[in-house]
Amino acid sequence: MPAGASQLNGSGVLLMRRLVETWKRAAKLGGCLTLLVSLAGGLVLSLRTVEPNLPGFLAADESPDACSTSTWSTPGTVEASELEKTTGGDIVPVRSVADPYPSLHSVTVDPENNKVLMSDSNRGGLLVYNRASGTVPGSDAVSEPVRQVRGPATGMMFVAGVASDPRNRELFAVNNDIGDRMEVFPYDAEGNVKPKRILFVPHGSWGVALNRQREELAITVEHANTVVVYRRDATLGDAPLRVLHGSDTGLQDPHGIIFDEVHNEISVANHGNWAPLTRAESLQGELKGGKFDLPSITTYPGDANKDQAPTRKIQGKHTELNWPMGIALDPLHDEIAVASYGNDSILVFHRDAQGDVTPIRTIGGSSTGIAGPMGVSIDTKNDEIWVTNYRDHSAAVFARTAKGNVAPKRLLRNAPANTPAVGFGNPGAVTYDSKRDQILVPN
């Protein structure tokens with residue numbers, strides 16, 4: 001490197017543009033200086049200014065009157081005049097694949113305050129609607145939320161499970177896959193607001209359930225096949241009160257979760273896939289790999305801990321379970337409902353059912369408007385059941401006892417009818433299939 005030059009590692013054209021502007025502004029001052037910027041790939045930018053001292057990354061030439069023009073002989077040297085023609089900066093994409101509307105994920109109804117809370121995993125937010133929102137099937141009307149909580153200050157990212165606590169006036173939102181935390185907001189929060197408190201949760205957390213009698217909350221963790229139970233008001237790095245985890249638990253990619261306060265039980269919806277998380281797990285007795293079982297609903301005592309086996313399990317081909325997501329409890333009629341994403345249906349079972357049992361009711365079919373159900377909530381006060389459709393920008397409301405291929409009582413749209421739902425769920429990669437001319441995006 002010649003005397004009086006210094007090297008700055010950069011990564012893009014935007015940096016070069018900023019340096020050029022600095023060079024232009026400095027040109028009116030006295031002195032002589034050479035700046036070399038070494039970029040990835042061997043590109044070297046040579047700038048000569050008359051600025052004697054730019055602190056931080058420029059050194060004054062030893063001979064101000066000499067104004068040396070020497071530069072590195074590295075191939076690809078770009079002069080400042082050439083840089084002006086280089087494309088860079090804040091460039092608008094040629095095209096983009098994105099969904100400008102919310103993707104409705106989980107749902108919970110507060111019948112006492114006539115409000116419905118839904119999570120938006122697409123744009124990272126919460127939506128609060130009036131309980132009576134929605135129109136008759138066939139209408140193209142879009143229902144507007146009464147409140148939205150969204151923005152960088154909220155800290156929400158890929159929001160999955162939600163819960164509402166009207167008694168303590170709080171809303172709970174769990175970040176799945178990215179974020180690794182749960183945000184708690186005041187009940188009437190609106191806009192780009194900071195959470196009331198946050199709780200750091202394991203990576204892959206999905207569902208959340210409250211037990212107001214025990215003052216506890218339970219969270220499912222997909223990848224770790226775990227349920228963690230915290231104090232309701234836990235914050236930051238507080239440790240869980242209990243951790244349900246192990247090969248005997250039957251937890252296999254758990255998602256939806258409910259706390260049954262009357263019977264002091266926890267029920268969990270499992271996708272059915274399991275893999276050892278740690279070396280110790282994979283070496284129990286002999287080297288073990290992952291496995292795929294049928295989906296299930298497993299039930300445990302409310303104080304279950306460690307590697308505790310379930311007291312009941314719903315599992316088998318007659319159950320019709322297919323990627324079970326959200327799960328809801330009807331304590332008044334002793335029933336549970338499950339959003340079965342894989343076959344676009346809502347399955348209703350007796351609360352204490354076990355084994356390979358057939359649902360007592362199933363809602364599904366072309367007339368129902370159910371498409372990729374992710375969340376479900378039962379409103380016993382108004383005798384309704386709510387379903388969020390991840391693939392259709394809508395939520396459907398049925399009579400609680402509805403069954404078969406029936407039309408919903410109301411359909412709440414958050415986008416114009418027939419608006420495509422991209423369905424991105426935290427995309428982590430992208431590739432192009434040249435044979436089929438397709439872009440592939442794993443979620």
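Predicted model: local features only at pLDDT ≥ 70, side-chain atom pairs only at ≥ 80, totals over all residues.
The structure holds 27 salt bridges. Side chains of opposite charge can pair when their charged atoms come close. One of the salt bridges joins Arg-212 to Glu-261, with 3.9 Å between the closest N and O atoms. Arg-212 is placed in the loop between strand E13 (205–211) and strand E14 (216–221), and Glu-261 in the loop between strand E17 (254–260) and strand E18 (265–270), so this pair ties together parts that are 49 residues apart in sequence. Arg-212 is partly exposed, at a relative accessible area of 29%, and Glu-261 also counts as partly exposed, at 25%.

A salt bridge is also found between Arg-400 and Asp-383, with an N to O distance of 2.7 Å. Arg-400 belongs to the loop between strand E29 (394–399) and E30, while Asp-383 belongs to the loop between strand E27 (373–379) and strand E28 (384–389); the pair therefore ties together parts that are 17 residues apart in sequence. Arg-400 counts as buried because its relative accessibility is 11%, under the cut-off of 20%. Asp-383, with a relative accessible area of 35%, is partly exposed.

In a further salt bridge, between Glu-384 and Arg-410, the closest N and O atoms are 2.8 Å apart. Glu-384 lies in strand E28 and Arg-410 in strand E30, so parts that are 26 residues apart in sequence are tied together by this pair. Both Glu-384 and Arg-410 are buried.

Rolling a probe the size of a water molecule over the atoms shows where empty space is left. Over the whole structure, four cavities of 30 Å³ or more are found. The largest cavity holds about 50 Å³ of space. Its lining includes Thr-108, Val-109 and Asp-110, together with Lys-115, Val-116 and Leu-117. Strand E5 (104–110) and strand E6 (115–120) are the elements that give two or more residues to this lining. Other residues that line the largest cavity include Val-128, Arg-147, Ser-164, Leu-171 and Tyr-187. By class, six residues of the lining are nonpolar, two are polar and three are charged.

The largest pocket has a volume of about 970 Å³. Among the 39 residues that line this pocket, Thr-108, Val-109, Arg-212, Leu-329 and Ser-377 lie nearest its centre. Two or more lining residues come from each of E5, strand E9 (159–165), E13, E17, strand E23 (324–330) and E27. The largest share, six residues, is given by E27. The lining of the largest pocket divides into 21 nonpolar, 10 polar and eight charged residues. Thr-108 and Val-109 also line the largest cavity, and Arg-212 is the partner of Glu-261 in a salt bridge.

The second largest pocket has a volume of about 490 Å³. It is lined by 19 residues, of which Glu-222, His-255, Met-325, Gly-425 and Asn-443 are the closest to its centre. Seven nonpolar, nine polar and three charged residues make up this lining.

On the surface, Val-430, Tyr-432 and Ile-439 form a nonpolar patch, with about 330 Å² of accessible area together. Val-430 is located in the loop between strand E30 (410–413) and strand E31 (431–433). With a relative accessible area of 59%, Val-430 is exposed.

Technical notes
Residues numbered from 1 in each chain as written. Heavy atoms only, no water. Patch = residues over 30% accessible without salt bridge, like charges linked within 9 Å, V, L, I, M, F, W, Y side chains within 5 Å. Areas by Shrake-Rupley, 256 points an atom, 1.4 Å probe, with all protein chains shown as cover. Salt bridge = Lys/Arg side-chain N within 4 Å of Asp/Glu carboxyl O. Helix = DSSP H or I, 4+ residues; strand = E, 2+ residues; numbered from the N terminus. Buried < 20%, exposed > 50% of the residue type's maximum accessible area, 1.4 Å probe, protein only. 1 Å grid on protein atoms, 1.4 Å probe; cavity = no way out; pocket = protein on both sides within 12 Å on 5 of 7 lines; lining within 4 Å. Points joined across faces, edges and corners; volume = space filled by probe spheres on them. Nonpolar A, V, L, I, M, F, W, Y, C, P; charged D, E, K, R; others polar.
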